[in-house]
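I opened my notebook to go through side-chain contacts and surface features in this chain. Here is the model I was looking at.

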Amino acid sequence: MLVQLARQPAGGRQGIVAVIAGFALFFPNFSTFLGKPGMYLEDVYVRPAARGLGIGRKLLATAETFCVKAKYRRIVLSTSELQLPAAQLYQSSGYVMVREEKNAQPSHKSAGAGLTRYHYEKLLG
C-alpha cells in the first residue's frame, strides 16, 4: 500500500490528510515444474486520480523486493484486454508474456465470454 499525502481542508482547517493511493495484493505459490517458490500477483490497483505518477511501478518494485528477500525467484500475474495500460506497465517493467488465452466462459475475472487474458512472469535475480 502506498500513501499519498495531500494538503486538504480538514474540518474547516488546512491540514495534511493521508490518502491510500494504491495497493498490491500478492501471495506465495510454488512451481512444481521449476521446483521453486514464487509469488502470484493478484491485483495492482492505483486510484484514478493518482495514475500516471509512477505509483503502479513502485508497487511492482515493492512486491519484487519482498520476493527477493523471501528468496522467491519468480512472479506471475495475469491481466486482460480490458487493462491494456496495465499490460504495458508489466512489459516495460520486465515482465514477459508466457501465455495468451481467450476465455470460453465468463469468470470472476472477466466481463464475459470471449475476453482475452494475458499471463506474464518475471524471473528475479
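**Entry 1: the Arg99 pair.** I began with Glu101, which is partly exposed because its relative accessibility is 30%. The model is predicted, so I keep in mind that side-chain atom pairs count only at pLDDT 80 or more. Glu101 makes a salt bridge with Arg99, and the closest N and O atoms are 3.8 Å apart. I noted that the cut-off for such a bridge is 4 Å. Arg99 is partly exposed as well, at 44% relative accessibility.

**Entry 2: the other salt bridges.** How many salt bridges does a search of the whole structure find? I got three. For Glu64 and Lys122, I read 3.2 Å between the closest N and O atoms of their salt bridge. Glu64 sits in helix α1 (residues 55-69) and Lys122 in strand β6 (residues 116-123), so this bridge ties together parts 58 residues apart in sequence.

Are these two partners buried or exposed? Glu64 is buried, with 14% relative accessibility. Lys122 is buried too, at 16%. Both values fall under 20%, which means they meet the cut-off for buried.

Next I looked up Arg74, which forms a salt bridge with Glu121, the closest N and O atoms lying 2.8 Å apart. Here, too, distant parts of the chain are linked: Arg74 belongs to strand β4 (residues 74-80) and Glu121 to strand β6, 47 residues apart.

**Entry 3: aromatic rings.** I then turned to the rings. My search of the whole structure gave six aromatic pairs. One of them is Phe66 with Tyr72: the ring centres are 6.5 Å apart and the planes meet at 65°, so I logged the pair as edge-to-face. The cut-off I needed for that label is an angle over 60 degrees.

Which residues do ring pairs link into a cluster? I wrote down Phe26, Phe66 and Tyr72.

**Entry 4: a nonpolar patch.** Last, I checked the surface. Phe23, Leu25 and Tyr45 make a nonpolar patch of about 270 Å² there. I traced Tyr45 to strand β3 (residues 36-46). With a relative accessible area of 37%, Tyr45 is partly exposed. Patch residues need over 30% relative accessible area, so Tyr45 passes that cut-off.

Notes
Residues numbered from 1 in each chain as written. Predicted model: local features only at pLDDT ≥ 70, side-chain atom pairs only at ≥ 80, totals over all residues. Heavy atoms only, no water. Patch = residues over 30% accessible without salt bridge, like charges linked within 9 Å, V, L, I, M, F, W, Y side chains within 5 Å. Areas by Shrake-Rupley, 256 points an atom, 1.4 Å probe, with all protein chains shown as cover. Salt bridge = Lys/Arg side-chain N within 4 Å of Asp/Glu carboxyl O. Helix = DSSP H or I, 4+ residues; strand = E, 2+ residues; numbered from the N terminus. Buried < 20%, exposed > 50% of the residue type's maximum accessible area, 1.4 Å probe, protein only. Phe/Tyr/Trp six-rings, centres within 6.5 Å; stacked < 30°, edge-to-face > 60°.
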